[in-house]
Amino acid sequence: MTADEAPPADGSTGRVKPPGFDISVANQARMYDYLLGGKDHYTADRAAIDAQLAIYPDVAFAARANRAFLGRAVRYLAAEAGIRQFLDIGTGIPTAGNTHQVAQEIAPASRIVYVDYDPIVLAHARALLISHEAGATDYIDADLRDTDAILDQASELLDFGTPVAVTLIAILHAIPESDDPHGIVGRLMDAVPPGSHLAVSHMGTGLLDSTTRRGLEDHSDRAMQQRLTARSHEEVARFFAGMDLVSPGVVRVEDWRPEPGAGAGQSVLWGAVGRKP
Amino acid sequence: MNTVVPDGEQPFSGLDDPPVEATVLRMMLGGQLRRLREAAGITPEQAGFEIRASRSKISRLETGRVGLKGRDVRDLLTLYGVTDEAVENFLALVRQSNTPDWWAKYNDILPGWFEPYLGLESAASTIRSFEIQFVHGLFQTEDYARAVTRPGRKGAPAGEIEDWVRLRLSRQALHARQKPPRIWSVMDEAVLRRPVGGAAVMRAQLRHLIKAAAMPHVTLQVVPFSRGRHAAESGSFTVLRFAERDLPDVVYLEQLTGAIYLDQRSDVEQYLEVVDELSGEALTPDASTRFIEQVARET
């Protein structure tokens, strides 16, 4: 879909156009790249991180913890749940341990569809997220809100007759209530068969004192292309309505099936994996 | 290993680590020398005086553009207050950084401004480029390389042109490495349309590009004429990125009689912005391959 196409007639509100490429405004994908030691970021992104650090000193720990959660969740899905198809929405700028690398290390024939609404991020994904030859990767330029477009295009590579893992890592908090994030997740999970899984990480209200949370939200309003909405444990658990939460349930990302050597710190992110019965 | 690093940074890789490309090592040692000099509160002029060199020589040393001499390094380290074992460790790395480069045998034809590029290209973990005129040197066929080389060197002896062609093809050895660098090249449609060396040479070159695009470490994207005005008013350029976290990206801009190397973050970011924007505007890699196939049929 192109940016100037008319909004859909279903009356959905707050449909945000994909961000134009603008290095003068901080961008979550590039800030994340900076925190993870990448080199694809600009002055505004680094300035935004400096501002966040002043509000919340564990920003870098949170970024690493989130990335590590993605790795453990995908490893669990591939190795223990036997998932061979992944729909990774909100891909971000490629770094180490991307979804297809983790999954294909366990099952080389795994198929991964990467989705991002930022055309530059997606260009990086196309150039850098290259599948193992036994498997396949595909790339979709779409907004998470546009579930029809995502499901339609993803079905070219993924077989929706067998289980799919949908990963929504640090993306749902960029969807405001007015865009009905629970409805979005519901539509995605309705489209996949029993045995499919959902993995989520999400900025959490209960994990921060209210001053810090307000500070981060206000900062994102002022300085970032994405506005962030923190959600409660209960609201995050509700993304898994009708599903079975994999133990230990909804916890801080660093506490979800931790592995040794994770380092000290406290993230502000809830993490969870669930299975559609 | 005794650290010679001020302000608690991690020391650079020691001798037990796998061998680092000489150029990367020079850049790291140069960066180290700069940090030590600054920590000691010494100006480039003062440092230059110590080793009977100019301010700009110090700058080239500190950016790894020239080789390091053991005696100079010893003098500088002493000036910077580094002593004993740390000096010996540093000098061991300096010796390692002076292993002969693969292009040494082309020294007769190599202009001084081009030689650093060869080191940077060999050492890069990611090479991004935008081309508006010619196919990138890493993807040229022998005939195309010869056709590109000849007009720029009218009157040059045939042997010299052949040396240039061989040098260009030697650079392509990096495609065959166990772990080749990631090469992400965006080109204007003009690159595909300009029949360098005639239609037959160009057809073979286009087929070669299609094969190159299929290599796992290569991504080629075309900006078709139909996209209208695009982000690159800059002309052709190459961005070289290194795996080492401390090393800055380097932008290489080639001119007829020289080249510019940019590694200041503020300069580099402007080129990163352009190459990012171009990669978003260009056809996707798959569509680009189909586009090149189409142009090959029309050539």
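Analyst: A residue is called buried when its relative accessible area is under 20%, and exposed when that area is over 50%, with partly exposed in between. The model is a predicted one. In chain B, the term buried applies to Phe114(B) and to Tyr252(B).

User: Why is Phe114(B) called buried, and what is Trp113(B) called by relative accessibility?

Analyst: Phe114(B) has a relative accessible area of 6%, and the limit for buried is under 20%, so Phe114(B) is buried. Trp113(B) has 24% relative accessibility and therefore counts as partly exposed.

User: What makes Trp113(B) and Phe114(B) an aromatic pair, and of which kind?

Analyst: A pair of aromatic rings is described by the distance of the centres and the angle of the planes. For Trp113(B) and Phe114(B) the centres are 6.0 Å apart and the planes are at 65°. The limits are centres within 6.5 Å and, for edge-to-face, planes over 60 degrees apart, so this pair is edge-to-face.

User: Why is the pair of Phe114(B) and Tyr252(B) called tilted?

Analyst: The ring centres of Phe114(B) and Tyr252(B) are 6.5 Å apart and the planes are at 55°, so the pair is tilted. Planes under 30 degrees apart would be stacked and those over 60 edge-to-face. The pair links distant parts of the chain, 138 residues apart: Phe114(B) is in the loop between α5 and α6 of chain B, and Tyr252(B) is in strand β5 of chain B. Both belong to one aromatic cluster, which also includes Trp113(B), Tyr117(B), Trp164(B) and Tyr261(B).

User: How do you know that helix α5 of chain A is largely enclosed by the rest of the structure?

Analyst: Seven of the 10 residues of α5(A), which spans residues 119-128, are buried, so this helix is largely enclosed. The buried residues are Ile120(A), Val121(A), Leu122(A), Ala123(A), His124(A), Ala125(A) and Ala127(A). At the start of α5(A), a side-chain oxygen of Asp118(A) comes within 2.9 Å of the backbone nitrogen of Ile120(A).

User: Against what do the buried residues of α4(A) pack?

Analyst: They pack against α3, β1, β2 and β3 of chain A. The buried residues of α4(A) are Thr99(A), His100(A), Val102(A), Ala103(A) and Gln104(A).

User: Why is Phe69(A) called buried, and which residues is Phe69(A) in contact with beyond its neighbours within four places in sequence?

Analyst: Phe69(A), which lies in helix α3 of chain A, has a relative accessible area of 0% and is therefore buried. Leaving aside those neighbours, its contacts are Ile169(A), Val200(A), Ser201(A), Val253(A), Trp256(A), Gly271(A), Ala272(A) and Val273(A).

User: What makes the link between Arg241(B) and Asp40(A) a salt bridge?

Analyst: The closest N and O atoms of Arg241(B) and Asp40(A) are 3.0 Å apart. The limit is 4 Å between a side-chain nitrogen of Lys or Arg and a carboxyl oxygen of Asp or Glu, so the link is a salt bridge. Three salt bridges are counted between chain B and chain A.

User: How do you know which element gives the most to the side of chain B that touches chain A?

Analyst: The elements giving two or more residues to that side are β2 and α11 of chain B, and α11(B) gives the most, with eight residues. By class, that side has six nonpolar, four polar and 11 charged residues. In all, 21 residues of chain B are in contact with 18 residues of chain A.

Methods. Residues are numbered from 1 along each chain as its sequence is written. Chains are lettered from A and ligands numbered from 1 in the order in which they are written. This is a predicted model: local features need pLDDT of at least 70, side-chain atom pairs count only at pLDDT 80 or more; totals for chains, interfaces and linings use all residues. Side-chain values use heavy atoms; hydrogens and water are left out. Buried means under 20% relative accessible area, exposed over 50%, partly exposed in between (1.4 Å probe, protein chains only). Helices (H or I, at least four residues) and strands (E, at least two) are DSSP runs, numbered from the N terminus. A polar contact is a pair of N or O atoms within 3.5 Å; within protein, one must be able to donate a hydrogen and the other to accept it, and residues adjacent in sequence count only if both atoms are side-chain atoms. Contact means heavy atoms within 4.5 Å. Ala, Val, Leu, Ile, Met, Phe, Trp, Tyr, Cys and Pro count as nonpolar, Asp, Glu, Lys and Arg as charged, and the others, Gly among them, as polar.
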